[in-house]
2 protein chains.
Amino acid sequence: MANIKEIARIAGVSVTTVSRVLNNHPYVSESKRATVLQTIEQLHYARNMNAVHLSTGRTGTVAVILPYINLFYFSVVMDGLAHEALLAQYRLILCQSNYAPDEELKVLEMLRNKEIDGVVVVSTALLPEVIEEYMEYGPVVTCQDNGERRFSSVYIEHYAAFRHGLEYLKDKGYRKIGYCEGRQNGSSASIRQTAFQAFLAEHQLPFRQEWMVFDCMTEESGAAVARSLLPMEERPEVFMVTGDHVAAGLIIEARKHGLRIPEDIAVLGFDNQPIGRLLEISTIDNHLYDMGAAAFRIIHEQIRTGNRQPVYRKLDYEIIERGTV
Amino acid sequence: MANIKEIARIAGVSVTTVSRVLNNHPYVSESKRATVLQTIEQLHYARNMNAVHLSTGRTGTVAVILPYINLFYFSVVMDGLAHEALLAQYRLILCQSNYAPDEELKVLEMLRNKEIDGVVVVSTALLPEVIEEYMEYGPVVTCQDNGERRFSSVYIEHYAAFRHGLEYLKDKGYRKIGYCEGRQNGSSASIRQTAFQAFLAEHQLPFRQEWMVFDCMTEESGAAVARSLLPMEERPEVFMVTGDHVAAGLIIEARKHGLRIPEDIAVLGFDNQPIGRLLEISTIDNHLYDMGAAAFRIIHEQIRTGNRQPVYRKLDYEIIERGTV
DNA sequence: GCTTGCTATGGAACGCATTTCATACGCTAC
DNA sequence: GTAGCGTATGAAATGCGTTCCATAGCAAGC
């Protein structure tokens, strides 16, 4: 396979000149440029990008850590990331970690090994302290609210958003409020739990352990929540559900069992997914696509400029009133 | 930053020995191995993977071409790919192409540029002939049925699956059959159209242009189909819908307008998505996760062995009977 | 006439790890 | 006793493009 040296030899120029042509540098005469391009054409020359990466110390690639690509939440964030990456001519490496810390660490090691230029952490099992250690090797942006860290983050104001939702429910007259959460110990999940408990205490609202359900990641788990309502001595009046697909499961299963929405059980969803629109689920839109897009733009900027000053970008949210509350 | 040469100098051995330690080669005495490892530790040495890639001509990375990551269909295939890639310690580059041919070509060029070891094409706007031209640079696996090509493919027997579905409907007594398709000109879509038209002709079933709808990719487009039924002079008795989320849109919107499922309009979905299970949509499960997993295993095998003999792996499908037909 | 500065071009160093080949020691087998 | 093999180790070649630095011609400015 031809290399740059061969091109130079045949075109009768130096490798420097060939490199300049390849990279559109100035100071190459039109005649030589033409000869070089022609030689490249003739020999079907293809640049060995590994040599370029070695030489430049850059790869034009960013890795993305997330647990499950087929959960709507993550695929939408990924969509935002991928769209911006395409615009910036960057490549994205997907690490679907299943929250396995060692796999997530491997990705950070790739940063250290110069295999990638940066890392976007959409959701992780790693502690912020661990991530911080890798900041010296390249920029990292997380999509979680980690407070003031050495790495950047783009995040929804989960505390405020959740409170806002609770206030909205309270204003509507609801007092018995239930809560379906994804992971019990996730960073955003913890924030929401705190918000939930604080709000209940503040307003002296009733609470029962069975109104709070964890590990609700799928439609099926939403359906299970609906079924759990049936034998319940005292039911909540409304559920806040993190994820419209989970809310959809809850609603459809509840209706199957003759419960009316919102009269018997009201539901406020999260994420504003297409299924929520279809079922007219009231929801909190937290702009997931924008989160991905913003995360990429920040990391791209930091790679480009070499600036490591962390950026904390707070995204807003909005309640979309539909029919389930 | 320390490199292998520095490690060698300080540890008092040759770079060869350091390399051997790094790669777990035999023929290194325990004492030297220990010294080297200790030096690596001390200097916080990190291997420059770009040099490794240049030197070995391999990158341990496979690129994936697909149009939209946030469509369930693709995110599930990606899940299968990602899972296997993790097991094989391979990295996946995601190219979300939006079916832009030039972006898809760029990925094939990456193969030529040795930036990646192989390409998995989940769905593409490119012609098979174009893909074939890149086979000399590395293995390519597509997830479409392209017939006998120089590249491998993992595919659902769309023709058979679709016919099977049609037969199932006919056996149930349906004669007026409608059809909602994603892309009009997709490779799988074309096969299904052919199957559809052949079946109708064969059994002299009635057909109307308005019973065939294209560009149904989302829940909303399914809902639009439901609305289009209302003013229709003569309605189909059943719709085959490629994608359970589209079927879900159709069903939910139809019910909103008082249509009973399946009495007024029956629906047979595709892809066996979680939402289909929840709504008890009868569907054709075409094992998308397995498709991704199989695609990765094939390309990994071909990278490993250097074997370029194309493999055509046909996946089976099954009708899942639930309540909408 | 001489200094400055821009255009054009090439030599050589640099980024870094892998791998082939050569060498050498020690032990077993015949 | 020596041929042969396995273990251990290093020198040097290899993969390939980028970029700093040096050189030189030529034109504009004083």
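## Strand pairing in chain B

Two strands are said to pair if DSSP finds at least two bridges between them. In this predicted model, strand β6 (residues 177–180) of chain B meets that condition with β7(B), since the two pair in the parallel sense over 2 bridges. One of the residues involved is Cys180(B), whose bridge partner in β7(B) is Val213(B).

This pair belongs to an open sheet of 6 strands in chain B, which has the order β7-β6-β8-β9-β10-β12 and mixed pairing. At the edges stand β7 (212–213) and β12 (318–320) of chain B, and each has a single partner strand, so one side of each is left without a neighbour in the sheet. As background, strands of a sheet pair through backbone hydrogen bonds, either parallel or antiparallel.

## Where chain A meets chain B

In the contact between the two protein chains, 46 residues of chain A touch 46 residues of chain B. The size of an interface is often given as the accessible area lost when the parts come together. Here the area buried between chain A and chain B is about 4,400 Å², and carbon and sulfur atoms give 59% of that area. On the side of chain A, the residues that lose the most area to chain B are Asn50(A), Leu86(A) and Leu278(A), which together make up 15% of what that side buries.

Several elements of chain A each supply at least two residues to the side that touches chain B, among them α4, α6 (101–112) and α11 (244–256), while α5(A) gives the most, with 8 residues. Sorted by kind, the residues on this side of chain A divide into 22 nonpolar, 13 polar and 11 charged. The count of salt bridges between the two chains is 4, and in one salt bridge the side chains of Glu280(A) and Lys256(B) meet at 2.8 Å, N to O.

The two chains are also joined strand to strand, as 3 bridges link β2(A) to strand β2 (residues 91–96) of chain B, and these strands run antiparallel. Within this pairing, Ile93(A) has Ile93(B) as its bridge partner.

## The surface near DNA strand D

DNA strand D is surrounded by 26 residues, of which the closest are Ile4(A), Tyr45(A), Ser55(A), Thr17(B) and Tyr27(B). Of the atoms of DNA strand D that come within 4 Å of the protein, sugar and phosphate account for 61%. Individual contacts reach both phosphate and base: a polar backbone atom of Ser29(B) is 2.7 Å from a phosphate oxygen, whereas a polar side-chain atom of Thr16(B) lies 2.8 Å from a base nitrogen. The elements giving two or more residues to this surface are α2 (15–22) and α4 (49–56), in chain A and in chain B. By kind, its residues divide into 10 nonpolar, 13 polar and 3 charged.

Sugar and phosphate make up 62% of the atoms of DNA strand C that come within 4 Å of the protein.

How values were computed: Residues numbered from 1 in each chain as written. Chains lettered and ligands numbered in written order. Predicted model: local features only at pLDDT ≥ 70, side-chain atom pairs only at ≥ 80, totals over all residues. Heavy atoms only, no water. Near = heavy atom within 4 Å. Polar contact = N/O pair within 3.5 Å; in protein donor to acceptor, adjacent residues only side chain to side chain. Helix = DSSP H or I, 4+ residues; strand = E, 2+ residues; numbered from the N terminus. Nonpolar A, V, L, I, M, F, W, Y, C, P; charged D, E, K, R; others polar. Contact = heavy atoms within 4.5 Å. Buried area = accessible area lost by both parts, 1.4 Å probe.
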